[in-house]
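I opened the file to look up how the copies are related and how each chain is built. My entries follow in the order of looking.

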Protein chains: 2
Amino acid sequence: METDTARERPADARGGRLQRIFPVLDWGRHYGTGTFTNDLVAAAIVTIMLIPQSLAYAMLAGLPPEVGLYASILPLVAYAIFGTSRALAVGPVAVVSLMTAAAAGSVAQQGTPEYLVAAIALALLSGLMLLVMGFLRLGFLANLLSHPVVSGFITASGLIIAISQAKSILGISGSGDALPELLTTLARNIGDTNWPTLVIGVLSTAFLFWVRKGLKPLLMRLGMAARPADLTAKAGPILAVFASSLAVVLLDLEAKGVKTVGSIPQSLPPFAVPDIDPALWEKLWVPALLLSVIGFVESVSVGQTLAAKKRQRIEPDQELVALGASNVASAFSGGYPVTGGFARSVVNYDAGAETPAAGAFTAVGLVMASLFLTPYLASLPIATLAATIIVAVLSLVDLHTPRLVWRYSRMDFAAMAATIGITLLAGVEPGVIAGVVVSLALFLWRSARPHAAVVGRVPGTEHFRNVKRHKVLTDPRILTIRVDESLSYLNARWLEDYVMAEVASHPELRHLVLMSSAVNAIDASALESLEAINHRLADAGVTFHLSEVKGPVMDALHRCHFLEQLTGEVFLSQNDAFSSLLERAEAEATPAPRPDLWLARGLI
Amino acid sequence: METDTARERPADARGGRLQRIFPVLDWGRHYGTGTFTNDLVAAAIVTIMLIPQSLAYAMLAGLPPEVGLYASILPLVAYAIFGTSRALAVGPVAVVSLMTAAAAGSVAQQGTPEYLVAAIALALLSGLMLLVMGFLRLGFLANLLSHPVVSGFITASGLIIAISQAKSILGISGSGDALPELLTTLARNIGDTNWPTLVIGVLSTAFLFWVRKGLKPLLMRLGMAARPADLTAKAGPILAVFASSLAVVLLDLEAKGVKTVGSIPQSLPPFAVPDIDPALWEKLWVPALLLSVIGFVESVSVGQTLAAKKRQRIEPDQELVALGASNVASAFSGGYPVTGGFARSVVNYDAGAETPAAGAFTAVGLVMASLFLTPYLASLPIATLAATIIVAVLSLVDLHTPRLVWRYSRMDFAAMAATIGITLLAGVEPGVIAGVVVSLALFLWRSARPHAAVVGRVPGTEHFRNVKRHKVLTDPRILTIRVDESLSYLNARWLEDYVMAEVASHPELRHLVLMSSAVNAIDASALESLEAINHRLADAGVTFHLSEVKGPVMDALHRCHFLEQLTGEVFLSQNDAFSSLLERAEAEATPAPRPDLWLARGLI
């Protein structure tokens, strides 16, 4: 059992505060040669995969390709120190790159130095926000993004990204944060299509799709074991990079209008303190916040999925700190916003990474690439990078989940549809905001109009069920209402209306019981409404009772005067309530002996 | 019974759509001489009370005194046509006047024509918003203002209003929407105190307080019946108006620096189509929205209180329409925002008003006053009006409720304290917003971290209770978790963490039961979390069961694949679950006959 719980709760079960902030102190102590070898192998594989991916996502964000490499180095080291997931790999990812492009594009023109400054400022701001949220333990704020909203947002973003890359495949220009502008600019320029670029783009895309689906089975048929075949297939894009670069050089395609990555500075990331410009921060804080939350949710989902496979756990609040540190590290090394990416993390995990040290080794690999490999990337066609992006993001587009959600819950579907629709039509920021607002509004709306039922006794049992769903015993003098929700300010007024309407339609009523088995809390507003109901029922000659009140609710009611004012009783069980009120109603029906009347009538 | 329900549900039980929109068609059909007389008497009394009050509130809103009269005429007629409350009287009220001053003051200087234009635009905007909300049946939006927030807001506004009137009592100048500015300007100018003004102000205030507390008992001791004594006392302010005006004229106090109301135009309200200026509307829409919601909540509270006394009901959505029409009417007759006021409505009710026609008669009274009485008000000292405001608003200040709320619920108190604090320190608009945001945040926070308990069987019963609160039977191989909240996206992640942590600390566990008696709904995010829990428990060799799932929740689960994937069962009752899992665990503990092993071991 000892080892088991230790694995289950990596950070908080043992060790003190320092280990909680620096999980590296925890796993670092047990680091051995076996783990080292496994981590090193994983790092080598991930490095090969990350080189084209980093360049491609930088391009998607509208930034020079080397910025993608820079953003993949120091953040990995920062995450290795602060992160709680053993396999998560941070760096540029598709959705965050798109959000960066939208935010930086709102303050500067792509290709200008100001645009790069804005992207770096976004990383710094987002990093600081994540750190603050982590220290304040605000990880639960990510809850505001429901699963359907996140799923819808990622699908819509994936579509926008894929369509935006069409311009690079066609060799034309095009722009826009959302579909309407994107499609119009593409349609306007489609006449400028560069045919050699299109051929490279289409071939690369087709090849990469085939690599995804067909290469692994082929390798296995050729006798390779499943796992190495899988990893080789994951490295497929590097083959596309190599082949298309070679084609450009041999056929002199640059002269024929094929755009290439061009010369990339052969250097370490440019370590520098980012500019702190309050005017710029004021413009960027909203997108930075959205980007932080989306990045966090994406990263935590990936981390949890991978951790669950090994019965490990991740600590969401500590993940905020780790992602915050990664983004600050990115900003200080000339990078742009990063988060834990699905593709790279899965490759890292599948390649056998055991600790975050694998991330640090990948960083070393990417430093090597920045220093020695960049000259060989100059002839890489942009269209090939676009193809890697399209193939990567189309796997994010999920058209199956909307159908499942539609069948399961129309309210969740409404939130999802709003997110997809507004993301496609107006862009990523309005899309996320719409999703959060619609989910929240529907949640509040549902809380404000809870399910309630008049209940009666199931014959021969002590159970009470909805009179509309079951054949049950009731009495015209006794009405029991079961409210299936906590009573709060959101539904307090509804409760008053509901109860008084039921009372109005039961003219013989003498006793009303509020069955509180599903009432987990009563806030001050609802308490006032109960007082008002008690008062109005008294005016109407109806006694007000409660039944099956939960312990914590009863504790709260003892802290106020409601129980003293209550005209009726609080019954432990609904069965007690019904039985004794029935007796009482019978007793009331038979007139009690009245000696005063007998005296008045001369009977005694 | 017939008459009873007819009274209970005035608009929607009988009559069609037209009657719902024009409740006047409903009560107007049964209008007779008795009702007419009662309404007329009530109208006369309310008119006398409203004259000084209308002037005073206009002054509080920073507007010329006659605007208060105008705002009291047409809105009453509009409400008489559309309103569902029999006794509610609409017109200028203290809190809305203060909010008008804050909003109009943010776009223009008090005393300028632009300021009046802004106040009229506020009435129009607010009226249109209320109408739209009414047609869309958005009355439930008022739920967002919890009782503690409204109570705190009114107390804080009352304090600000009372303190702001000190300047008129002292005869100095002072300004500010919130305490810090208000107190500094008052302190700076206190040297300019005008002594005759101060004497009038202090005497008027003392007299009005005495009228409130002492006049009714005195009149009753003099032999007057309780109800006329009460109504005469309510008309007390008119005496102060008369006496102080006389003092000004006789002692020529205007020459000694006592500020008076001055000449008021002797005319009907100026009927005119208000200016529609999009730039102004853009600046005023937020304050107009806040003002609409606050006004609506105040009005509905008053209306419900009075309706309940006669077992009548009001229709909140129709009230939105009525208040909207009243505000539009106010704007078209040169008035400013109005709502249902507590003081005037209570007087109307106590004076015997039976239908909204009393309001229409009051309007006629006020037209007479505007035409014939205004010359006599020229010498009325501002200090006397300030005294009527102070006495009126100090009754709104409620320092008892915060203590009760503190004892009952710290979360409600936090929302209330935030509202009071921010209203006092930063003004009415930030105060309302803070109240709504804090209530909502706390509600969401509570929903995100619901109460949950591990439960066991109470010996000798079929009841299951919290292991921490009761002595109950449990088994190390079976764990039952009861979650006391609906499962939603806000607590889905929490649920995963909670369940997995409990599983990690129970090494012998074979069966986990989620007791769902308090789960009223499961949204798509929570469903995904349940699927994740099911999956992870399967990996850990633990079977996942549900018990006591409610009907509507079960219906929803049948619309997805969860029940097919579930490793365990859905038990109708928790007792069934515990009993049969206990049997099963026992059976698993005794090795089953294994003929294959016997064969292998050569036993058979």
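Before judging extent, I note that the radius of gyration is taken over C-alpha atoms, and that the globule rule is 2.2 Å times the number of residues to the power 0.38. The model I am working from is predicted.

Extent. For 604 residues I would expect a compact globule to have a radius of gyration near 25 Å, whereas chain A comes out at 32 Å. I then took the spans of the C-alpha trace of chain A along its principal axes and got about 125 × 60 × 55 Å.

Fold content. I counted 28 helices and eight strands in chain A. I looked at contacts in chain A between residues at least 6 apart in sequence, and 79% of them join residues at least 24 apart.

Burial and surface. I find that 57% of the 604 residues of chain A count as buried.

Charges. I placed the 44 positive and 47 negative charges of chain A, and their mean positions lie 7 Å apart.

Symmetry. I superposed chain B on chain A with a rotation of 180° and 0.0 Å of shift along the axis, at an RMSD of 0.1 Å. I record this as the relation of a two-fold axis. Which residue of chain B comes closest to the rotation axis? I find B:A518, with its C-alpha at 2.4 Å.

Interface. I checked the interface residues of chain B, and 100% of them are also interface residues in chain A, so the copies meet through the same surface.

Technical notes. Residues are numbered from 1 along each chain as its sequence is written. Chains are lettered from A and ligands numbered from 1 in the order in which they are written. This is a predicted model: local features need pLDDT of at least 70, side-chain atom pairs count only at pLDDT 80 or more; totals for chains, interfaces and linings use all residues. Side-chain values use heavy atoms; hydrogens and water are left out. Copies are superposed by least squares on the C-alpha atoms of residues with pLDDT of at least 70 in both. Contact means heavy atoms within 4.5 Å. Helices (H or I, at least four residues) and strands (E, at least two) are DSSP runs, numbered from the N terminus. Buried means under 20% relative accessible area, exposed over 50%, partly exposed in between (1.4 Å probe, protein chains only). Lys and Arg count as positive and Asp and Glu as negative; His and the chain ends are not counted. The place of a charge is taken as NZ of Lys, CZ of Arg, CG of Asp or CD of Glu.
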